[in-house]
Amino acid sequence: MTRWKSATLATLASLAVVWPADGLPAGGVNPGPLSRAEAFARADALTALGRHMFFDPALSASGKQSCSSCHDPNHAFGPASASPVEMGGPKLDRPGLRAVPSLRYLQAAPAFTEHFYDSEDEGDESVDNGPTGGLTWDGRADHGKDQASIPLLSPFEMGNKDEAAVVSALRKAPYAEAFKAAFGADIFDHPEDAFDAAVEALGTFEQSSADFYPYSSRYDAFLAGKAQLTAQEQRGRTLFEDETKGNCASCHLSEPANDGEPPQFTDFGLIAIAVPRNPAIQANADPNYVDLGLCGPLRTDFKGRGKYCGLFKTPTLRNVALRKSFFHNGRFHTLREAVAFYASRDTDPGRWYPKNADGTIRKYDDLPKAYWPNLNTDPPFNGKKPGDRPALTDAEIDDIVAFLGTLTDADQAGQ
C-alpha cells in the first residue's frame, strides 16, 4: 500500500485546481459549466482526492478499515483473503453477507434496468434480456458514487453511524484543505453536500483507467496481435465460447464489441445458478435466512417479486484467476472448482449439495423450491439429469482454467 499512498500524496501536493472565474456556489458540490481544460482539472482533482480517501482507514468507525482493506489494489481491487466474507463494523467483529467483488472493469456497466434490450449493432434488439446492469451483486447501485456510499454506512463494513460521521472524519483529514479547494471553502458547513462530494470523489477515482480498466492482460495483447496463446489456452478459449460445451461466453462476453471496445467478460446480467449454501457465512446459521439476491434482503425494491429471487449479477472474469473465493457467497475456493460446478451441477448434484437424513441429495439447497423455475438451464446445464455425461471433461475444465489465466492484467502478474 505504501507506493499507492506515496503517489497519492505527491499528486495532491502538486495539484493546481482550475475552476470557473466565478468559483463554486456556497456549499455546492458541482461547479456548473466547465471548459474542457477545467473539466480535466476537476477530474484530476477528484481522482487525487478519491485515491487518498480510498486508502484512508480514518473514514471507518473502527479507524482501522479503508476501502482498500477489502478492495486491495494488489489483488485487482478485490479481496486478498480467501474468506467468503470480510469483517467490519466499529469493532471489526461484524461479518458481511456476501463475497467482496473486484472493483475493476465496472466502468462500462449500464444503469440497472428490469428489461434490457441489445442495441441494434450488438444483437437482436427485440429480445428482452431481463434484469441487467447496476453495480454490486444485486445491481442496486447505478453509479460509482452510489456504490461508494454503501460500505461507508454499512454496519458490517466501514460502520459509520451516519453521513455526518464520515464528514467529521474528512474535516480532520490531512487532505481536508484539498477537499475544500475542490468543493468550496465552506463545504464542511453543509454535511449532506460534503458527503455527496466525498462519494463523488471516490466514484471518480474508480473511473481512473490506469487503475481500474487498463486492459493489459495477455488476452488483450493476443486480440491486438501482440501475443500468442498456448495450445492449452487456445483449446480453453474454444471451449469457453462453444455453445455446446462451456458456453461461458453467452454471459461472459469474450469478443471485442462492434465498436472495437475490448470485451468486458460479462453481459452485466443477473441470473440464478443455485450456488450451494455456504455454512461459513454466519447469517446462514439461521435456517430461515436466505440470500435471494435481486429480491432481497439487501435490495428491497424487488422484495416479493418471486420471478427475480435467486438472481445475482454476472461478474467480469477479468483477473478471476487472482480470486481465492468465488460466486456471491464465496462457496468455492479454487477457479477449477467453480468451472467444474457449471459442468456438473445437474449431472452430479451429490458432488455439490449436502444429503438429507434419508440419503437423498438436498439439491439447490440455498434456493427455496418455489424459485427453482428461475434457474438458468442454458448449456452447459441444458436439461441434464443426474448420471448424464457432463458437458466438460476434467481435461476440458483444465483447459478453460488455463484460458482464464490469460485474463490477468499485467500489473497483477506474480500476485
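Q: Buried means a relative accessible area under 20%, exposed means over 50%, and partly exposed lies in between, with a 1.4 Å probe and protein chains only. Why does His75 count as buried?
A: The relative accessibility of His75 is 18%, so this residue counts as buried. The model is predicted: local features need pLDDT of at least 70 and side-chain atom pairs count only at pLDDT 80 or more, while totals for chains, interfaces and linings use all residues. Residues are numbered from 1 along each chain as its sequence is written, and side-chain values use heavy atoms, with hydrogens and water left out.

Q: What does His75 touch, not counting residues up to four places away in sequence?
A: A contact means heavy atoms within 4.5 Å. With residues up to four places away left out, His75 touches Ala80, Leu322, Lys324 and Gln412. His75 itself lies in the loop between α3 (67–70) and β1 (87–88). Helices (H or I, at least four residues) and strands (E, at least two) are DSSP runs, numbered from the N terminus.

Q: Why is Glu396 called buried?
A: Glu396 has a relative accessible area of 17%, and therefore it is buried. Glu396 lies in helix α12. Beyond residues up to four places away in sequence, Glu396 touches Leu239, Lys245 and Ala391.

Q: What makes Trp352 a buried residue?
A: The relative accessible area of Trp352 is 6%, so the residue is buried. Trp352 lies in the loop between α11 and α12. Its contacts, leaving aside neighbours within four places in sequence, are with Pro276, Arg331, Phe332, Glu337, Ala340, Phe341, Ser344 and Arg345. Tyr105 is 247 residues from Trp352 along the chain, and their C-alpha atoms are separated by 30 Å.

Q: Which residues have the most contacts inside the largest nonpolar core?
A: A nonpolar core is a set of buried Ala, Val, Leu, Ile, Met, Phe, Trp, Tyr and Cys residues joined through side-chain atoms within 4.5 Å. The largest such core has 45 residues, and those with the most contacts inside it are Phe240, Phe327, Phe341, Leu392, Ile400 and Leu404. At least two residues of this core come from each of α9 (218–223), α10 (231–241), α11 (335–344) and α12 (394–404). Helix α11 gives the most to this core, with six residues. Another core, of 33 residues, lies apart from it and includes Leu103, Met158, Val167 and Leu202.

Q: Why is Phe327 called buried?
A: The relative accessible area of Phe327 is 16%, so Phe327 is buried. Phe327 is placed in the loop between β4 and α11. Its contacts, apart from neighbours within four places in sequence, are Ala99, Trp137, Ile273, Val275, Phe332, Ala338, Phe341 and Tyr342.

Q: Where is the peptide bond with omega near 15° that is called cis?
A: The bond from Gly296 to Pro297 is cis, with omega near 15°. Pro297 is found in the loop between β3 (270–271) and β4 (312–313). A cis peptide bond, with omega about 15°, also joins Pro379 and Pro380. Pro380 has its place in the loop between α11 and α12.

Q: Which residues of helix α4 are buried, and what do they pack against?
A: In α4 (residues 144–153) the buried residues are Gly144, Gln147, Ala148, Ser149, Pro151 and Leu152. These buried residues pack against α5 (163–172) and α7 (191–205).

Q: How do you know that the radius of gyration of the protein chain agrees with that of a compact globule?
A: The radius of gyration is taken over C-alpha atoms, and the globule rule is 2.2 Å times the number of residues to the power 0.38. For 415 residues a compact globule would have a radius near 22 Å, and the protein chain has 22 Å, so the two agree. The C-alpha trace spans about 70 × 50 × 45 Å along its principal axes. The protein chain has 12 helices and four strands, and 50% of its 415 residues count as buried.
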